[in-house]
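This briefing is meant for a reader who is new to the structure. The sequence and the model come first, and the notes follow, grouped by topic.

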Amino acid sequence: MKTKLTVTYVILSVFALGGLLPVLWMFVMSLQTPRALNSFPTLNWFKDFEFNNYQIALNQGGIYQGLINSSIITGGTLIISVTFATLAAYALANFEFKGKALLLIGILMTQLIPGMAAIVPLFDILKSLHLINTYTGLILIFAARTIPLNIWIMHGFFKELPAELREAAIIDGCSVYTTFTRIILPLALPGIGAACMFTFMQTWIDFIMPLTTLFDQNKFPFTVMLYKYVGDPIMGTNYGVVFASAVIGTLPTLLMFVFFQRFFVKGLTSGAVKG
Amino acid sequence: MSRIVLNHIKKRYKNGKSFAVKDMNLSIENREFIVFVGPSGCGKSTTLRMIAGLEEISEGDLYINEKRVNEAAPKDRDIAMVFQNYALYPHMTVYGNMAFGLKIRKFKKDEINRRVTEAANVLGLNEFLNRKPTALSGGQRQRVALGRAMVRNPKVFLMDEPLSNLDAKLRIQMRSEIIKLHRRLNATTIYVTHDQTEAMTMADRIVIMREGEIQQIGTPKEIYDNPANIFVGSFIGSPAMNFIPAMLSLEGQIHIGNHTISLPENKQAVLKKKNYFGVELVAGIRPEDIHLEHDDSSDSSTVLTAKIDVAELLGSECILYTKINNVDLVVKVKSGDFKSGDEIKLAFDMQKMRFFDPETGKLII
């Protein structure tokens, strides 16, 4: 038993380390001087570190705008995607109607189309809607992209909630709407948390879509803004600053995870029915 | 007044080939405690859910207080329901759970408070009002579920196997609590269970169901003493009624295995009148209606010799699983020193013996 546990932990640690390594790499690189970064053989990275790169990154100003733009795009997507997905998933999980199974499969099928393949048609659609170079256009694309999987995430959560809870609410006098808002929604928070997390990750880190649909530099999200630091024709690339900016850009994701993690804790429904 | 009438109620599920409930006719009187009992899949819960409005009625009419309610929403039927798995709202406290239905119905805060406190007093939940359901034991959760139904003061209580998730001891305790509650509230109660003991101990009237059909409606005593058919006889009572293939001779004696037993004249008369002389029958007798015969000189026409297979001591009583020729016979006697392999003499209380038609399974006498 103990050996089994140790083996499990060793394997898990290896995976965790594998996941952490790029983050660690990013952080260590963000603390290096340009000289240390370009030297070969490498200097002692852990000896001569400095926070100068962060200062440069923050003083350039563009990063703030990038973070604000990313927040607008991600926030808008989150609201639209999670709201629509939650309502759709509730209907799919609880109501009987013709073609339901087909619809669910259809929704899943949309995920088979690679994001890259959709860039040109999406660009065309935005153009005909006069939504090129707007946050709205980008938010709609991200929402459309994340709604299907969010529906599936929420569908799973709604299905897991015991049907008796809904029935008890109906007997207590709730309408479809009040059953949803007063009983189901509070219990579906872990699902909503998961959907928010997924949507945030998909949107915050996306690079290609804003790069192709936004032209105005002031509208660039953080990821595209970061791109500006790469391959400056005159100065060359200051990798230290790129890494420092990347660390700053990762912080919201980290905060997001810390905030939503408590919603992932299962067992909110335990006690509702005999478990 | 809360009289419930089921008039030719049927239920067929979508994609279902046959009816889950077939032609149910029943009239439940005001303040009656009625129990639907039967094996799983007999349609008892479906019927209850149709009365609650949680399940659509495929055919027939449902009346509550002379008003047809087939299309009425559950909230407009003035019913409260207690679910098998409690169905408490996990994100609300005990108080919140009990008050929710009243809040939704826009009751005044003082009134809600008064009703919840009163119900909590009755159910002994006072000290738990601020707890979440997770922090309660099974019995306490079931009490909250009862309280949630009680505060609404409904005309009809519907209970769907409310005790089946509790352990045996708690179940017996809650059984009497529910009966006391029923007497106190005086509301019509429909109670669904698969446990015949619950049905026998709690019901004013029992409705026994099987495969979507009512087998018998009656008081516990009526059903126990005069089961309408073999199924009812085997379902109600523990241990179940003994069913013995028997032949009724033209002389009015029945042959069980190699034994011949004379039949009381009143029974003979009825069987003769119904043309059952000289044909095969199924004799049914309750285990407690078979007695030990210690006196060797007693009338041999009603005494049989049996061999004990297994003896189960229950304390003051003993259940003997015996064999007469090749016929299994369960006997309930006062406890004594019984060992498997022992031979005992048994006497049937012939007045208590029932006879069933072997083809239809229906009671003859």
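The axes of α2(B) and α3(B) come within 10 Å and cross at roughly 135°. The structure is a predicted model, in which local features need pLDDT of at least 70, side-chain atom pairs count only at pLDDT 80 or more, and totals for chains, interfaces and linings use all residues. Residues are numbered from 1 along each chain as its sequence is written, while chains are lettered from A and ligands numbered from 1 in the order in which they are written.

**Helices α2 and α3**

- Axes are lines fitted to C-alpha atoms, for helices over the stretch in contact, with angles from 0 to 180 degrees between N-to-C directions.
- α2(B) and α3(B) are therefore oblique to each other; angles under 35 degrees count as roughly parallel, over 145 as roughly antiparallel, 65 to 115 as roughly perpendicular and the rest as oblique.
- From α2(B), the contact uses Tyr95(B), Met98(B), Ala99(B), Leu102(B) and Lys103(B), and from α3(B) it uses Ile112(B), Arg115(B), Val116(B) and Ala119(B); two residues are in contact if their C-beta atoms, placed from the backbone, lie within 7 Å.
- By class, the residues of this contact are 7 nonpolar, no polar and 2 charged (Ala, Val, Leu, Ile, Met, Phe, Trp, Tyr, Cys and Pro count as nonpolar, Asp, Glu, Lys and Arg as charged, and the others, Gly among them, as polar).

**Helices α3 and α4**

- Helix α3 (residues 109–123) of chain B packs against helix α4 (residues 138–150) of chain B at about 140°, and their axes are 10 Å apart.
- That angle makes α3(B) oblique to α4(B), and the crossing is right-handed.
- Ala119(B), Ala120(B) and Leu123(B) of α3(B) meet Arg143(B), Leu146(B), Gly147(B) and Met150(B) of α4(B).
- The contact of α3(B) with α4(B) has 5 nonpolar, 1 polar and 1 charged residues.

**Strands and sheet**

- An open sheet of 5 strands in chain B has antiparallel pairing and the order β13-β12-β11-β14-β20; strands pair if DSSP finds at least two bridges between them.
- β13 (259–262) and β20 (354–356) of chain B are at the edges with a single partner strand each, so one side of each has no neighbour in the sheet.
- On average, neighbouring strands of this sheet are turned by 40° against each other, direction ignored.
- Strand β12 (residues 253–256) of chain B is joined to β13(B) by 4 bridges, and the two run antiparallel; His255(B) has Thr260(B) in β13(B) as its bridge partner.
- Strands β9 (residues 205–210) and β10 (residues 213–218) of chain B run antiparallel and are joined by 5 bridges.
- Ile208(B) stands opposite Gln216(B) in β10(B), and in the hairpin of β9(B) and β10(B), with 2 residues between the strands, Glu211(B) takes a positive phi near 45°.

- Chain B has 9 helices and 20 strands, where helices (H or I, at least four residues) and strands (E, at least two) are DSSP runs, numbered from the N terminus.
- Of its 365 residues, 39% count as buried (20 or more other C-beta atoms within 10 Å of the residue's own, with C-beta atoms placed from the backbone).
- The contact between the chains takes 24 residues from chain B and 21 residues from chain A.
- On the side of chain B that touches chain A, β6 (79–82) and α2 (94–104) of chain B are the elements that give two or more residues.
- The residues of that side divide into 15 nonpolar, 6 polar and 3 charged.

How values were computed: Left-handed = near helix turned anticlockwise from the far one by under 90°. Buried ≥ 20, exposed ≤ 12 C-beta atoms within 10 Å, placed from the backbone.
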